Amino acid sequence: MYHILVVDDEARIRSIIKKYAEFEGHTVTEAGDGMEAVRLCRKEKFDIIIMDIMMPELDGFSACREIRKTVKTPIIMLSARGEEYDKINGFELGIDDYVVKPFSPKELMLRIDAVMKRTKRAADVGNKKENLIVTLDDGGLKADITARLVFIDGERVEMSPKEYDLFFYMLENRNIALSREKLISEVWGYDFFGDGRTLDTHIKLLRKSLGKYAGYIVTLRGVGYRFDVEE
């Protein structure tokens with residue numbers, strides 16, 4: 001089971017999450033603002049953090065930025081707003097998932113499990129002795145999937161955790177038509193309750209990160225996407 005840090009200035013929200021999390025067998029520590037969350041992360045180790053965006057003292061984005069300076073603990077962001085700007089900002093900071101209020105506590109528990117399974121999977125891949133490396137365009141685009149590294153023309157490209165997950169999955173399944181449902185299921189690891197906008201946001205971010213290779217990601221109208229390369 002997991003040790004979860006729940007950060008929200010609303011005691012009612014913290015209480016609801018704690019109730020469901022403890023029912024699932026998890027341990028919960030609460031923080032009422034971003035500043036307290038940063039202090040706790042410097043003293044204790046958590047398996048995952050549930051963080052609200054709009055909080056006094058230090059907002060969720062700023063707290064996430066500070067926490068990421070010292071630890072790579074998975075973070076799920078909560079927000080009463082569902083604007084694409086907020087999602088993009090969060091994902092660029094390296095959060096692992098984004099949940100819009102009001103939310104289903106059961107759905108949140110599923111998302112926690114999915115994030116933790118992905119984290120474990122990534123760690124298992126990283127422990128393999130031989131790195132899985134894919135190169136395209138005569139080495140212009142290089143991906144070390146095991147080490148979670150991407151290079152374009154020899155320069156390292158920084159991506160958010162979910163961008164890496166999406167890119168590596170599409171790369172390993174290149175030249176195959178991937179439905180939106182398949183991508184969501186395989187990359188996010190659970191039924192995304194019909195919210196394909198998060199997938200579209202990550203595709204947009206991934207294309208931006210890939211720069212001149214953005215064209216490799218082809219939109220299949222009414223279907224999904226394909227990572228289209230000639231080998």
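1. The lining of the largest pocket draws most on α5, which gives 8 residues. At least two lining residues each come from α4 (84–93), α5 (105–126) and α6. Helices here are DSSP runs of H or I with at least four residues, strands are runs of E with at least two, and both are numbered from the N terminus.

2. Please keep in mind that this is a predicted model, in which local features need pLDDT of at least 70 and side-chain atom pairs count only at pLDDT 80 or more, while totals for chains, interfaces and linings use all residues. Residues are numbered from 1 along each chain as its sequence is written, and side-chain values use heavy atoms, with hydrogens and water left out.

3. Back to the pocket: its volume is about 960 Å³. Its lining has 33 residues, and R68, K72, T73, D96 and P161 lie nearest the centre. A pocket is an open set of points on a 1 Å grid over the protein atoms alone, where a 1.4 Å probe fits, with protein on both sides within 12 Å along at least five of seven lines; lining residues have an atom within 4 Å of a point. The volume is the space filled by probe spheres set on the points, with grid points joined across faces, edges and corners.

4. Now the largest nonpolar core, which has 31 residues; L141, F167, M170, L210 and F227 have the most contacts inside it. The top contributor to this core is α6, with 7 residues. Such a core is a set of buried Ala, Val, Leu, Ile, Met, Phe, Trp, Tyr and Cys residues joined through side-chain atoms within 4.5 Å. Buried means under 20% relative accessible area, exposed over 50%, and partly exposed in between (1.4 Å probe, protein chains only).

5. M170 is in contact (heavy atoms within 4.5 Å) with L178, L183, I203, L206, I217, Y225, R226 and F227, leaving aside neighbours within four places in sequence. Apart from this core lies another, of 25 residues, including A31, I53, M55 and Y98.

6. T29 sits in strand β2 (residues 27–31) and counts as buried because its relative accessibility is 17%. Not counting residues up to four places away in sequence, T29 touches H3, I4, L5, V6, L40, E44 and F46.

7. There are 0 disulfides (cysteine sulfur pairs within 2.5 Å). The sulfur of C41 has its closest cysteine sulfur in C64, 9.9 Å away, so the two are too far apart for a bond. Both count as buried: C41 at 9% relative accessibility and C64 at 0%.
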